[in-house]
Amino acid sequence: MSLSREAIVENLKEIVGPAQVITDEEVLKKNSVDRFRKYADIHNVFTLPLPAAVVKLQNTQQVSEVLAFLNQHQINCVPRTGASATEGGLETVVKNSVVLDGSGLNKIIKIDIRNMQATAECGVPLEILENQLRAQGYTTGHSPQSKPLAQMGGLVATRSIGQLSTLYGAIEDMVVGLEAVFPDGTITRIKNVPRRAAGPDIRHVIIGNEGALCYITEVTVKIFKYMPENNLFYGYTLDNMQTGFDILREVMVDGYRPSIARLYDAEDGSQHFTHFADGKCVLIFMAEGSAGIARATGEGIEAIVARHAECKKVDSKLIEAWFNQLNWGPEKVAAEREQILRTNNMGFTTEVSGDWSSIHTIYANVIQRIRTEFPHAKDITMLGGHSSHSYINGTNMYFVYDYNVVDCKPEEEIDKYHNPLNKIIVEETIKQGGSMVHHHGIGKHRTHWTRDEHGSAYYILKALKEVYDPQGIMNSGTIYPIEK
């Protein structure tokens, strides 16, 4: 028999102490959603079941004890750290869920220069870790737009990617080891070694699991030398996206690794570049690293772009100024909320990925379909896109769309505007063989631990053990299921 809300709260207070169990209704409302439902949140409309409590966790042992209790009574929980998520993954869609707030696990455990790695608890803000590293001449190389808000556990749990990923990789390329707690309370550690080849790399079961398999409590990431004095900025205007995609491909195939490689269409670029590229597409690169590597990268990029006569170079200081305004901190979130209240204008981004043969078709088809088929097309105030995070075999594409919510209740905005727009993006991406990357709520309610026909941490991990390690002989340096 399931526990009542009151019983859940009392048990949690016994485990972690009364001061760490928050039941204030306003706090519960704000913790029932993330920025996916920002329009409703701004209007103080909350339609999802409120959590029974928000638990402010302070250490790994508390995480273990709380999870063991919740697992025993089949109570759903939602892991949360920086709360900068925008995809609905933090929503409490099940009645009497418990929000496990790990922002209190905020110690930087070790900066290990000899082994080029840094270890931090899940609640350490990326910006704080990054600032400490930069003061010593190092960097994580990870710089998502949410850098001032995001915390280390959430970055790993959501398989985050940063704006410098073409050089440094995404978070899955940076994680060396980690500590995590499984639903039954078992604490496990993946040790910090450069590589494994004894069976599957279980890091990649945990990275990106969004709380569906375990609670990440500690992360160790690679670090790199920080040499901003060598940064080189390149910007070009051009007439069409296809040429830009071709140049991105040539740069990657020729082996150059700029930290930034971006291509904006004229519509998306109008948010940033009208002072020098009104009506034009914009191609941007940044080269960094040691002076020799940065110089060679920049020279290679310039030689490739020179083969395309339509590209016109712009002053590098304009690109540097753009780069310095990329991050999205608390002040920008507050300003966005004020603007939405004043104008009812919403802005979102959806990211997809495709190979070089398909990415332009995906881009063109999505834009055309939305402009011609979306029933509220007259309410779209901006529709465009940009490419970022390029690889040797393809690139990612961000679709950016703003719309004015007209005659719409706050709780109806998602279904009337957001989801229909995303449906078109999903259909055209999958049709061309691409994949969704950052898709704002579509199929992403994976953070709720249940043991039923929908699958759970228990069954997924049990299957991994049966397939890969039935004798239990490969436990060194990896993790295995919750059964002891």
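**Ground rules.** I am working with a predicted model, in which local features need pLDDT of at least 70 and side-chain atom pairs count only at pLDDT 80 or more, while totals for chains, interfaces and linings use all residues. I number residues from 1 along each chain as its sequence is written, and side-chain values use heavy atoms, with hydrogens and water left out.

**Domains.** I looked up the domain assignment first, and it gives domain 1 (3-101), domain 2 (108-223), domain 3 (226-322) and domain 4 (328-450). These bounds come from an automatic or database domain assignment. For domain 2 and domain 3, I find centres separated by 29 Å, taken over C-alpha atoms. I also note that 10 residues of domain 2 are in contact (heavy atoms within 4.5 Å) with 10 residues of domain 3.

**Second largest pocket.** For pockets and cavities I use a 1 Å grid over the protein atoms alone: a cavity is a set of points where a 1.4 Å probe fits but cannot get out, a pocket is an open set with protein on both sides within 12 Å along at least five of seven lines, and lining residues have an atom within 4 Å of a point. Grid points are joined across faces, edges and corners, and a volume is the space filled by probe spheres set on the points.
I get a volume of about 400 Å³ for the second largest pocket. It is lined by 26 residues, and Arg134, Ser143, Tyr226, Phe323 and Asn324 are the closest to its centre. Helix H5 (126-135) and helix H14 (316-323) are the elements that give two or more residues to this lining; helices are DSSP runs of H or I, at least four residues, and strands are runs of E, at least two, numbered from the N terminus. H5 has the largest share, 3 residues. Domain 2 and domain 3 each contribute at least three residues to this pocket's lining.
By class I list 10 nonpolar, 8 polar and 8 charged residues. Here Ala, Val, Leu, Ile, Met, Phe, Trp, Tyr, Cys and Pro count as nonpolar, Asp, Glu, Lys and Arg as charged, and the others, Gly among them, as polar.

**Cavities.** How many cavities of 30 Å³ or more are there? I count 2.
The largest cavity holds about 60 Å³ of space. Its lining includes Val33, Arg37, Phe46, Pro410 and Glu411, and draws at least three residues from each of domain 1 and domain 4. I sort that lining into 6 nonpolar, 1 polar and 3 charged residues.
The second largest cavity comes to about 30 Å³. Helix H11 (266-269) and helix H12 (274-277) each supply at least two of its lining residues, and by class the lining divides into 4 nonpolar, 4 polar and 2 charged.

I find Arg337 in helix H15 (residues 330-343). Not counting residues up to four places away in sequence, Arg337 touches Lys30, Asp41 and Ile42.

**Glu428.** I place Glu428 in helix H17 (residues 413-431), and Glu428 counts as buried at 3% relative accessibility. Beyond its neighbours within four places in sequence, Glu428 is in contact with Ile362, Asn365, Val366 and Arg369.

Conventions: Buried < 20%, exposed > 50% of the residue type's maximum accessible area, 1.4 Å probe, protein only.
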